[in-house]
Amino acid sequence: MATSRVVNFGAGPSALPQSVLEKAAEALLNFNDTGIGIAEISHRSKEFVAFISNLESLIRTQLDVPPTHSILFTQGGGTAQFSAVVLNLLARHRLLHPDLPDDERIVDYVLTGSWSKKAYEEALRLGGARANVALDARRYSKDGASFDNVPPHSEYAFSPAPALIYYCENETVDGVQFAPDAAAPTAFPFARLPRERGGLLPLVADHSSSFMSRPIPHLAEHAVIFAGAQKNIGPAGLTILIVRQDCLVDVDAAAALGASPVPLSLSYKTLAESKSLYNTPSVLPIYIAGLVLERMQALGGMPYFETLNRRKAEKVYAAVRAGEERGVFQGKVQPGAGSWMNVVFAVLGDGAEQRFVAGAEAMGMKGLKGHRSVGGIRVSLYNAVTEADTDKLVAYMETFVSEEASAAASS
């Protein structure tokens, strides 16, 4: 049995702070002095209801979520939201435009990686509207087939009046992320989005792998933001929603007008009216997420983590570039589109990738293999990965590059 913890660079479920895990371990036996473990406590007990209310407050405060938006907790991961956002936003659109034929309802999708592509495919499967690709980043890739870039704003082709506009802020598999600087050509093109009458945007964002790692640009203008917790703030089993209140619609009334019926467990209005307790929620993941958010607030919240995460990413990208110069590494993402959370690169040479992974594991660093669909190396730098952890990896990368380059020169 292992006597010490390794550094977990896995893409998710991912690293959690050790102090949080230790406190959660205590709560498994006794939650908030109730004498009942957190995995046993009733979700309707006053102690748990107070805890989930505090979790909502922590998110609202740290992300500056306005009162126009509800914060909800559900299950099913981001994948369930691929369906839920379509069903809820089309129900909303049906109520606003009851006489519009389905083939004139349009949902726009921005494809910058594997997860936005999967969301688009689910919209095609569900029907009820015509799915339009407003942008396919593969057209602008080095090989014409990969997701390795964020194209310039001029390349987006949004529909004039879509029922929803969907994008994934950070693509975990492909290592592609929109730039946080609004002036950058690889930032999301908020200024180009078509607004509804009244100025609202039907904008939906998947923030699963970047949630709580840095501020969310234009948060108040989003209709729906969703995130699986298992990257930055908790274990798998919890999904967090930030939903603008005009999107909390009566899905049964929409169904009576011809919209697709929405399961009540996927209805945002049902979740909001029940304060996320329509059914038994993911009690333990909610508890651990609350501990993580308390720790984050104590450390300084979003300003602290934005600065830290930028610094960690810059160190790893610098090591990748140094490896490229010596012919050992090859970055996979075009400049300006690299993810802060998931740095992806290839290790060049016969058997070199296996040597890299084995050497890292021998030094107590795991979870570095890329997604099975794309291969290579993926370094996930979520909030719980410390700067010391990052420095340890960077030192190893530098040593590995030196040894591989020397071996190649002498062969």
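Predicted model: local features only at pLDDT ≥ 70, side-chain atom pairs only at ≥ 80, totals over all residues.
How do the residues of the lining of the second largest pocket divide into nonpolar, polar and charged?

1. The lining of the second largest pocket divides into six nonpolar, 13 polar and five charged residues. The space in this pocket comes to about 420 Å³, and of the 24 residues that line the pocket, Gly12, Trp115, Thr172, Gln230 and Lys231 are the closest to its centre. Among the elements of the fold, H3 gives the most to this lining, with four residues.

2. The largest pocket has a volume of about 540 Å³, and its lining is made of 23 residues, of which Tyr317, Arg321, Pro335, Gly336 and Gly338 are the closest to the centre. Helix H8, which covers residues 301–325, gives the most to the lining of this pocket, with seven residues. Sorted by class, the lining of the largest pocket holds eleven nonpolar, five polar and seven charged residues.

3. When the whole structure is searched for cavities of 30 Å³ or more, two are found. The largest cavity has a volume of about 40 Å³, and the residues that line it are Pro17, Asn232, Val292, Arg295, Met296, Phe305, Asn383 and Ala384. Helix H7 (residues 283–299) supplies the largest share of this lining, namely three residues, and by class the lining of the largest cavity has five nonpolar residues, two polar ones and one charged one.

4. The second largest cavity holds about 30 Å³ of space, and its lining consists of Val86, Leu90, Val107, Ala123, Gly127, Ala129 and Ala131. Six of these lining residues are classed as nonpolar and one as polar, while no charged residue takes part.

5. Helix H3 (residues 77–96) and helix H4 (residues 114–126) have axes that come within 9 Å of each other and cross at roughly 50°; the two helices are therefore oblique to each other, and their crossing is right-handed. On the H3 side the contact is made by Phe82, Ser83, Val86 and Leu87, which meet Trp115, Lys118, Ala119, Glu122, Ala123 and Leu126 in H4. By class, the residues of this contact are seven nonpolar, one polar and two charged.

6. From H8 the contact takes in Leu308, Arg311, Lys312, Lys315, Val316, Ala319, Val320 and Gly323, and from H10 it takes in Glu387, Thr390, Asp391, Val394, Met397 and Val401. The residues of this contact divide into seven nonpolar, two polar and five charged.

7. H10 (residues 387–410) also packs with helix H9 (residues 352–362), here at an angle of about 140° and with the axes 11 Å apart. H9 and H10 are therefore oblique to each other, and the cut-off matters for this reading, because an angle has to be over 145 degrees to count as roughly antiparallel. The crossing of H9 and H10 is right-handed. H9 contributes Ala352, Arg355, Phe356, Gly359 and Ala360 to the contact, and H10 contributes Tyr396, Met397, Phe400 and Glu404; by class there are six nonpolar, one polar and two charged residues in this contact.

8. Two backbone features deserve a look in the model. The peptide bond that runs from Gly12 to Pro13 is cis, with omega near -5°, and Pro13 lies in the loop between strand E1 (7–8) and helix H1 (18–27). Asp33, for its part, has phi near 60°, which is a positive value in a residue other than glycine, and Asp33 is placed in the loop between H1 and helix H2 (46–63).

Notes
Residues numbered from 1 in each chain as written. Heavy atoms only, no water. 1 Å grid on protein atoms, 1.4 Å probe; cavity = no way out; pocket = protein on both sides within 12 Å on 5 of 7 lines; lining within 4 Å. Points joined across faces, edges and corners; volume = space filled by probe spheres on them. Nonpolar A, V, L, I, M, F, W, Y, C, P; charged D, E, K, R; others polar. Axes fitted to C-alpha atoms, helices over the stretch in contact; angles between N-to-C directions. Parallel < 35°, antiparallel > 145°, perpendicular 65-115°, else oblique. Left-handed = near helix turned anticlockwise from the far one by under 90°. Contact = heavy atoms within 4.5 Å.
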